[in-house]
Amino acid sequence: MTSIIKRSAQLLLVLSGLILSACSEPKTETTHNSQAAHNMSNTAGQNGRWYSAEQVSQGKKLFQQYCAECHGAFAQGNPNWRQPTENGRYLPPPLNGTGHAWHHPMAQLRDVITNGRGPDVPSDMPAWGEKVNAQEVDALIAWFQSRWPDEIYQAWSRPKH
Ligand code: HEC
């Protein structure tokens with residue numbers, strides 16, 4: 001009995017530590033990014049988003065199956081994604097709008113998911129082209145973009161020079 005209580009207390013401690021560390025992440029480049037991590041309301045079909053509700057729910061399943069182990073169940077990434085590791089690689093970045101993903105046009109997002117970073121860049125991002133087809137790649141993008149606040153989404157969809 002006491003050991004159960006002790007174990008739940010330990011679990012609670014670990015959990016609150018995780019929550020604390022998630023909230024004490026350093027501020028991202030743009031001020032509006034800070035709200036992105038907590039914003040869950042930008043679902044399909046709103047405000048001119050390109051994807052459908054079906055794509056989002058398909059992408060959610062695929063993401064949990066293939067991507068969540070590295071990028072996190074909510075696409076929150078690793079808190080230390082900005083610092084290179086000892087071997088000069090990077091930890092999985094957030095895809096929820098608080099990272100760099102919104103700087104990349106659609107073609108580049110599709111490319112990194114399908115082909116990974118390419119042989120010339122040492123990276124731990126695998127190529128998924130053999131596991132998911134083009135339509136599933138789009139569904140994956142739809143799901144993580146559904147987590148982007150409008151400001152981020154608008155910045156992404158503006159034509160790049
Ligand atoms: C084994 C861990 C791992 C898995 C699994 C994984 N990724 Fe990644 N991913 C990474 C790492 C590490 C990077 C950063 C690569 C770099 O910059 O060198 C990355 C980068 C990315 C990027 C570019 C983000 C940016 O800001 O430039 C996208 C998009 C992405 N991953 C999507 C996915 C999707 C979608 C899946 C599932 C189909 C997935 N990843 C599965 C590790 C992983």
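This is a predicted model: local features need pLDDT of at least 70, side-chain atom pairs count only at pLDDT 80 or more; totals for chains, interfaces and linings use all residues.
Residues are numbered from 1 along each chain as its sequence is written.

Serine 146 sits in the loop between α5 and α6. Helices are DSSP runs of H or I with at least four residues, numbered from the N terminus.

Next, select helix α5, residues 134-145. Its 12 residues should span 16 Å at 1.5 Å a residue, and the end C-alpha atoms agree, being 16 Å apart; the expected span is 1.5 Å times one less than the number of residues. Of those 12 residues, 9 are buried, among them Val137, Leu140, Trp143 and Phe144. What covers them includes α2 (53-66), α4 and α6 (150-157).

Show α2 together with α5. They pack at an angle of about 95°, with axes 7 Å apart; axes are lines fitted to C-alpha atoms over the stretch in contact, and angles run from 0 to 180 degrees between N-to-C directions. The two helices are therefore roughly perpendicular, a label for angles of 65 to 115 degrees. On the α2 side, pick out Gln55, Leu62 and Phe63, among others, and on the α5 side Glu136, Ala139 and Trp143, among others. Contact means C-beta atoms, placed from the backbone, within 7 Å. By class, this contact has 8 nonpolar, 3 polar and 3 charged residues. Ala, Val, Leu, Ile, Met, Phe, Trp, Tyr, Cys and Pro count as nonpolar, Asp, Glu, Lys and Arg as charged, and the others, Gly among them, as polar.

Over to the ligand: 24 residues surround it, the closest being Cys67, Cys70, His100, Ser123 and Met125. A residue is near a molecule if its C-beta atom, placed from the backbone, lies within 6 Å of it. Elements giving two or more residues to this shell are α3 (68-71) and α4 (106-115). The shell divides into 16 nonpolar, 5 polar and 3 charged residues.

Last stop: alanine 75, in the loop between α3 and α4. Its phi is near 65°, a positive value in a residue other than glycine. With 27 C-beta neighbours inside 10 Å, alanine 75 counts as buried.

Technical notes: A residue is buried if 20 or more other C-beta atoms lie within 10 Å of its own, exposed if 12 or fewer, and partly exposed in between; C-beta atoms are placed from the backbone. Two residues are in contact if their C-beta atoms, placed from the backbone, lie within 7 Å. Angles under 35 degrees count as roughly parallel, over 145 as roughly antiparallel, 65 to 115 as roughly perpendicular and the rest as oblique.
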